[in-house]
Amino acid sequence: MKYQDIDEAFTRTRPSLHTLKRILHFIKPYWREIIAPFIIEAFWAASVAITPFLLMMAIDDFIVPATQGIEGALGVVEMLPREHARNGLLIVSALMTLNVALNVVLQMVQRLFIRRAGEKAINDLRRHMFGHIQRLSMDFFDREKQGRIIARLDRDIENLEPLITFVPLFFVHCIFSFFIVLGILAWNDWRLCGLIVAFSPLVLAAGFVSEKWGLPVYRRIRKTVSTMTSQVAEEVTGVQVVQAFGREEHNLDQYQNLLDQYRSHQVAAAHVRGITFPSMIMVFGIARAGVLLYGAHALSAGHISLGLIPAAMMYIGMIYGPIMMVAHLYDHLLSSSASSERVVQLMDYSPTIVDKPDAKPIPSIEGHVAFEHVYFKYDDEPDTPWILEDIDFEAPVGSIVALVGSTGAGKTSITNLIPRFYEPQQGRILIDGIDICDVTQQSLHEQMGIVLQDNFLFTGTVMDNLLYGRPDATEEEAVEAARELASYDTICNLADGFQTDVRERGGAISHGERQLICFTRAMIANPRILILDEATSAVDTDTEIIIQNALWKLMEGRTTFVVAHRLSTIRHADTILVIEGGRIIEMGDHDTLIANRGEYADMFEEFIRGPDAL
Ligand SMILES: Nc1ncnc2c1ncn2[C@@H]1O[C@H](COP(=O)(O)OP(=O)(O)OP(=O)(O)O)[C@@H](O)[C@H]1O
Ligand SMILES: [Mg+2]
């Protein structure tokens, strides 16, 4: 399935059947817990509708008979003794209080139930999505921005929660209240009921008109706020560049611009509110006045009791309030379903590189690697040029292969194919004679170590990071590995030694220290095949020597592919692949290549003359 860009944060869509089905799948296990709040909701709606009914009872059965009397069978006006009226009213008010208490309890229980069930379903969904993203192939991460992936897992999932919890509950509440109240009214006087129903389209229209009018303004506010937030985020992340280029004033002006926009949108929103809110109140008022007018007429004609009039006034609020909310809720529903659309789209996006159905784990690797006439490009379009062309070489067990060449030549692309992060369109890659496409990716990755240019350290301590590749290793083994690589002293010199807290992306640790930690991490994982993308960043001579020694120790006895920038690493290599424009233009060890007097010899010459590394 094609991954579309529907990521406009403020889009609204109707939920598609497919999306609903995918989301329902996560609710299904909890359907029993979800049903309960809906049943409670019905009782709650009934309980709310009882209060006006009790008021009507109090007026018609006790207040009126006690003050004006009621006509008896012989046309004689009978007065209800005040004593009886008082007792009756006491009972009615006790019932009212009980009803309110019941109302509160029902509301509390219902909220608890729906939250619990909803949270469980949402947690399952989050877990599923997290696992799914971890399995996606690299091409997805090349194309999709980090921020967007995070937003789908974070904001979108949060945003779709009302779709499965409060929105349907509210609809159920509206429907139940509507019918219960209409039932009570119709039972007392069908004309009054008809009148209230007749006004409902007007109320619904008022709700939709004000929502439609207000929505663009509210959306503009939300958009401005989101732009302001992202400006602040960029400012914080790139603060060094901001200061280095002296852009503070300029950025402040930009921010002021946004603030001005924000203020004018807020003023516009206040205007909208200033008009729509009173108009809604007016529609309500008209409906109430209509009911009152009819009530007076019906009362004098003897169609209704006096108590029905105040009760009907209360019922109007109960019916029209939710009707007005429907428009607002509808917008909420569309926003929620746009979020769920985005989540489901990501859910449906499958990894491009999948294990074959009969794929088996690769047996314990010796470390012989062969590229057989490999052709590769990142996209699959027929008319784009190859990034790698006819890459064909062998790396014997335990050998060191150095890849050299100018920037963009294709060195990293070659190393990316060995763990099958990408698949070549033509040719094969064999490890110990086994095509890597025939084995499971996990088994392949487990026996491979990768140290990248941009060394990544995870939040946690240095020790946590060291054990990342082999969680079953003991701390003693980690310390031992650090000693062996001579990174021990460097790590001990950090603020808290092995227990030093590494901030996200390793911000608190220097480049050189980070490299050593990553080498040690790879050493502990003890892979048979090692891939190193040497960092070019300069470190001081002492650290350079430590890093160099650590590197050699790490490479010992493993088949290593190293994208090399250090002359010492390159000279140490058994095979040097000189890559240019995606092709191997020279291959051999240092002495052979120098003797050939080709591209490598020129590069070497330049290196000895100039201060720059290869
Ligand atoms: N993920 C990607 N998607 C599309 N094109 C890519 C991707 N990664 C690299 N390329 C392109 O492939 C070519 C080879 O890139 P590669 O990263 O392999 O070069 P390199 O030799 O490692 O360069 P450097 O020394 O700068 O790291 C470049 O033209 C680059 O723009
Ligand atoms: Mg590279």
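The following is a conversation about a predicted model and the reasons behind the terms used for it.

Biologist: What makes up the protein chain in terms of helices and strands?

Modeller: The protein chain contains 20 helices and 14 strands. Its division is into domain 1 (1-188 + 336-352), domain 2 (190-303) and domain 3 (455-526).

Biologist: How many of the residues are buried?

Modeller: Of the 614 residues in the protein chain, 29% are buried. As for contacts with a separation of 6 or more, 80% are between residues 24 or more positions apart.

Biologist: Why is V439 called buried?

Modeller: A residue is buried if 20 or more other C-beta atoms lie within 10 Å of its own. V439 has 20 C-beta neighbours inside 10 Å, so it counts as buried. V439 sits in the loop between strand 7 (434-435) and helix 12 (441-446).

Biologist: Which residues does V439 contact, leaving aside neighbours within four places in sequence?

Modeller: V439 is in contact with A359, K360, P361, I362, I434 and L444.

Biologist: Why is V236 called exposed?

Modeller: The limit for an exposed residue is 12 or fewer C-beta neighbours. V236 has 9 inside 10 Å, and therefore counts as exposed. V236 belongs to helix 7 (residues 190-237).

Biologist: Why is E480 called partly exposed?

Modeller: Partly exposed covers the counts in between those for buried and exposed. E480 has 15 C-beta neighbours inside 10 Å, so it counts as partly exposed. E480 is part of helix 14 (residues 475-485). From E480 to C174 the C-alpha distance is 68 Å, and they are 306 residues apart in sequence.

Biologist: What makes the phi of N526 worth a remark?

Modeller: N526 has a positive phi of about 50 degrees, although it is not a glycine. N526 lies in the loop between helix 16 and strand 11 (529-533). N526 has 15 C-beta neighbours inside 10 Å, so it counts as partly exposed.

Biologist: Where is R597, and what is its phi?

Modeller: R597 is in the loop between helix 19 (590-596) and helix 20 (599-609). R597 is a residue other than glycine with a positive phi, near 55 degrees.

Biologist: Is R597 buried or exposed?

Modeller: R597 has 10 C-beta neighbours inside 10 Å, and because the limit for exposed is 12 or fewer, R597 counts as exposed.

Biologist: What makes up the largest nonpolar core?

Modeller: The largest nonpolar core has 66 residues, and A402, L403, F519, L554 and I576 have the most contacts inside it. Helix 16 (residues 511-525) gives the most to this core, namely eight residues. Not counting residues up to four places away in sequence, I576 touches A402, V404, I570, G588, D589, H590, L593 and Y600. There is also a second, separate core of 52 residues, which includes A49, L163, I316 and V344.

Biologist: How far apart are the centres of domain 1 and domain 2?

Modeller: The centres, taken over C-alpha atoms, are separated by 23 Å. The contact takes five residues from domain 1 and nine residues from domain 2.

Biologist: What classes of residue are on the side of domain 1 that touches domain 2?

Modeller: On that side of domain 1 there are five nonpolar, no polar and no charged residues.

Biologist: Which residues surround ligand 1?

Modeller: Ligand 1 is surrounded by D142, Y378, I387, G405, T407, G408, A409, G410, K411, T412 and S413. Helix 11 (residues 411-417) supplies the largest share of this shell, three residues.

Biologist: How many of the residues in the shell around ligand 1 are polar?

Modeller: The shell around ligand 1 has six polar residues, with three nonpolar and two charged. Gly is among those that count as polar, so G405, G408 and G410 are in that class.

Conventions:
Residues are numbered from 1 along each chain as its sequence is written. Chains are lettered from A and ligands numbered from 1 in the order in which they are written. This is a predicted model: local features need pLDDT of at least 70, side-chain atom pairs count only at pLDDT 80 or more; totals for chains, interfaces and linings use all residues. A residue is near a molecule or strand if its C-beta atom, placed from the backbone, lies within 6 Å of it. Helices (H or I, at least four residues) and strands (E, at least two) are DSSP runs, numbered from the N terminus. Domain bounds come from an automatic or database domain assignment. Two residues are in contact if their C-beta atoms, placed from the backbone, lie within 7 Å. A nonpolar core is a set of buried Ala, Val, Leu, Ile, Met, Phe, Trp, Tyr and Cys residues joined through C-beta atoms within 7 Å.
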